[in-house]
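Here's a quick briefing to read with the model open beside you. Take a look at the fold first, then come back for the details.

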Amino acid sequence: MIDLQRNLSAEEHLILYWYSIVVEKSNVSYDDFRITESLIMRFNEYVKKWNTAFFNNPLRFEKPVDWDRNRTKTDYFRNQLAKGHEFELWVQRKFKSCGVDIGGYNSEKGQFAGENNLGIEIKYDMRHAETGNIYIEYCERLDSSKSWIKSGILKNDNTKYWLIGNMNDYFIFTKITLVNIYNKLIRKENIKGCHLVEEKLNGTSKGFVMNNAFSRTVTFADSIEDFVGKLNIDTNISYYALNMFVHGRRECRYIRNKPDNMIKVFDSLDDALKAGFQKCNNPNCFL
Ligand SMILES: [Zn+2]
């Protein structure tokens, strides 16, 4: 949404121009284009309606970010991506119903990038429903002529937990547990109910398979509710919006002297951003 009180940025000029052409069907060149307060208000109204519709029905409006690389986009991958995205949204909502905001959805591969503060990676296992097994990936490549790169549990990031499965049946492991299993399998140790899988699909993924019974013995939490309980996460997080900005702390210097009735409270940062607020730029506000 655009603030009427401030000077317009270059990007806002562009957005308003496109809005007038695409939505209001004006046929004007940029030179003849005029920006009025009423145009900005109509634009804000349009964005508000869009945000509300989007927020009320994320499954319909939110789209996975598709691969933009040379990987062959087979139907399998498209389907996998859509199903995976649906699962991630489902997990996100489930956490929210437990009072935990695990943050937004974004990255090159359309996955939680391990950037949420819980460090939880969410993976949809497409074949779990049919086989009962869980597939844990540790290497991938773009196609069978390319060299392998570390992925999944061997990726160097801040991931601590691995949530994998489908909406009916999922597991939450610690990443270290999975890495330990990987190390044993690589050393050719025998683990009942668990084995390495050399190549999967088109020879683009290496991993190991754990059967259902084995998975149960090494799981960290049986459910998201159980997980939230074990981690003792503070489930009472609020975000405070005033004017154009949303704050992570009520004591933030920009809002601490403002009365409660001026402030809109959100229980997730995502909700506030989707409603059109921008993050406060006080560096201490979200620590
Ligand atoms: Zn702030």
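Which residue in E9 stands opposite Leu242? That would be Phe245. Keep in mind that what you're looking at is a predicted model. The protein has 287 residues, and 22% of them count as buried. Its secondary structure comes to nine helices and eleven strands. Take the contacts between residues at least 6 apart in sequence: 59% of these join residues at least 24 apart.

**The four-stranded sheet**
- This open sheet runs in the order E10-E8-E9-E11, and its pairing is mixed.
- At the edges you'll find strand E10 (264-266) and strand E11 (278-279), each pairing on one side only.
- Strand E8 (residues 239-242) and strand E9 (residues 245-247) are antiparallel, with three bridges between them.

- E1 runs parallel to strand E4 (residues 161-165), and five bridges join them.
- Within that pairing, Glu121 is opposite Trp162 of E4.

**Strand E2 and its partners**
- Strand E2 (residues 134-140) pairs with strand E7 (residues 205-210) in the antiparallel sense, over six bridges.
- Tyr135 stands opposite Val209 in E7.
- E2 is also joined to strand E3 (residues 149-150) by two bridges, and those two strands run antiparallel.
- Look for Cys139 there: its bridge partner in E3 is Lys150.

**Helices H1 and H2**
- Helix H1 (residues 10-22) packs with helix H2 (residues 37-56) at an angle of about 80 degrees, and their axes are 11 Å apart.
- H1 and H2 are therefore roughly perpendicular to each other.
- On the H1 side, the contact is made by Leu16, Tyr19 and Ser20, while H2 brings Leu39, Ile40 and Phe43.
- Sorted by class, the contact of H1 with H2 has five nonpolar residues, one polar residue and no charged ones.

Key:
Residues are numbered from 1 along each chain as its sequence is written. This is a predicted model: local features need pLDDT of at least 70, side-chain atom pairs count only at pLDDT 80 or more; totals for chains, interfaces and linings use all residues. Axes are lines fitted to C-alpha atoms, for helices over the stretch in contact, and angles run from 0 to 180 degrees between N-to-C directions. Angles under 35 degrees count as roughly parallel, over 145 as roughly antiparallel, 65 to 115 as roughly perpendicular and the rest as oblique. Two residues are in contact if their C-beta atoms, placed from the backbone, lie within 7 Å. Ala, Val, Leu, Ile, Met, Phe, Trp, Tyr, Cys and Pro count as nonpolar, Asp, Glu, Lys and Arg as charged, and the others, Gly among them, as polar. Two strands pair if DSSP finds at least two bridges between them. A residue is buried if 20 or more other C-beta atoms lie within 10 Å of its own, exposed if 12 or fewer, and partly exposed in between; C-beta atoms are placed from the backbone.
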